[in-house]
Amino acid sequence: MPEGTEAAYAVLAHCFTCGKNSVAAVRIARALAARGIGVLRFDFTGLGQSEGEFSQATFSGDVADLAAAARAMEREGYPLSILIGHSLGGAAALAAAGQLPDIAAVVTIGAPCDTQHVIRLLDGSLDRILHEGEARVRLGGESFVISRAFVENLRDQDQRHRIGHLDRPLLILHSPRDEVVSIESAGAIFQAARHPKSFVSLDPADHLLTRAVDAEYAATMIAAWISRFVPVIDPTSG
């Protein structure tokens, strides 16, 4: 929950195979709350405390999870206006925004410009996944079962079209030292998006924003940028 009386509300989508309790998600959410922005963190299907099997998950399912989390916030009386996504969660935020007319602004952190990026991460196991229907893959130090349906769903996404028709203010945060998602992805997102759009370099951060100072800086930039586009409400007024 946000500190103080004036507030805005956001949903934060975590990075691929991470979870709502990842270092970056927790630190950014806490830093934003300290600046008057309440943040909901949640686990995508099959990860952390969420039900379901990760092997049955798809990118479209993650987008649906994010939209469902946003609608749940609205039902609980928290007027959601901001979508924030880290890495593949950023791609999901860009996709989900079109389903959520009340979203006033979108923020991506280290996000790929298209979902083919994840397929490239699976390169060593891709043939086995496609021929056998699934395979166990090691990603980020963890082992996950990746299905053919997951790969095929990633191939079906037209992220550039979505970005080009986002029609919301967009903030792109990315580090030129990101070794997981290249800084070129930030440039491609920026080029595809309409104005108003902004880019902030997170140099010298890594992809996961593992240093506290980098997550704090990202939150500072998000809060300052959002103040120009999102009306801040007073929760005590109702």
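**Exercise 1.** Which strands does helix α1 (residues 23-33) lie across, and at about what angle does α1 run to β2?

*Solution.* The model is predicted, so local features need pLDDT of at least 70 and side-chain atom pairs count only at pLDDT 80 or more, while totals for chains, interfaces and linings use all residues. Residues are numbered from 1 along each chain as its sequence is written, and side-chain values use heavy atoms, with hydrogens and water left out.

Step 1. Helices (H or I, at least four residues) and strands (E, at least two) are DSSP runs, numbered from the N terminus.

Step 2. Helix α1 lies across β1 (8-13), β2, β3 and β4.

Step 3. The angle of α1 to β2 is about 160°. Axes are lines fitted to C-alpha atoms, for helices over the stretch in contact, and angles run from 0 to 180 degrees between N-to-C directions.

Step 4. Helix α9 (residues 212-226) also packs on the sheet, touching β2, β3, β4, β7 (170-174) and β8. The direction of α9 makes about 165° with that of β7.

**Exercise 2.** Describe the sheet and find its edge strands.

*Solution.* Step 1. The strand order is β2-β1-β3-β4-β7-β8, an open sheet of 6 strands with parallel pairing. Two strands pair if DSSP finds at least two bridges between them.

Step 2. β2 (37-42) and β8 (197-201) are the edge strands, as each pairs on one side only.

Step 3. From one strand to the next, the twist averages 20°.

Step 4. Strands β3 (residues 80-86) and β4 (residues 105-109) pair in the parallel sense over 5 bridges. His 86 has Ile 109 in β4 as its bridge partner.

**Exercise 3.** Is Thr 108 buried or exposed?

*Solution.* Step 1. Thr 108 belongs to strand β4.

Step 2. Its relative accessible area is 1%. Buried means under 20%, exposed over 50%, and partly exposed in between (1.4 Å probe, protein chains only). Thr 108 is therefore buried.

Step 3. Leaving aside residues up to four places away in sequence, Thr 108 touches residues including Gly 90, Leu 94 and Ile 172. Contact means heavy atoms within 4.5 Å.

**Exercise 4.** Work out how α2 and α3 are arranged.

*Solution.* Step 1. The axes of α2 (residues 59-75) and α3 (residues 88-96) come within 9 Å and cross at roughly 65°.

Step 2. Angles under 35 degrees count as roughly parallel, over 145 as roughly antiparallel, 65 to 115 as roughly perpendicular and the rest as oblique. The two helices α2 and α3 are therefore roughly perpendicular.

Step 3. Phe 59, Val 63 and Leu 66 in α2 meet residues of α3, among them Leu 88 and Ala 92.

Step 4. In α3, 9 of the 9 residues are buried, so α3 is largely enclosed by the rest of the structure.
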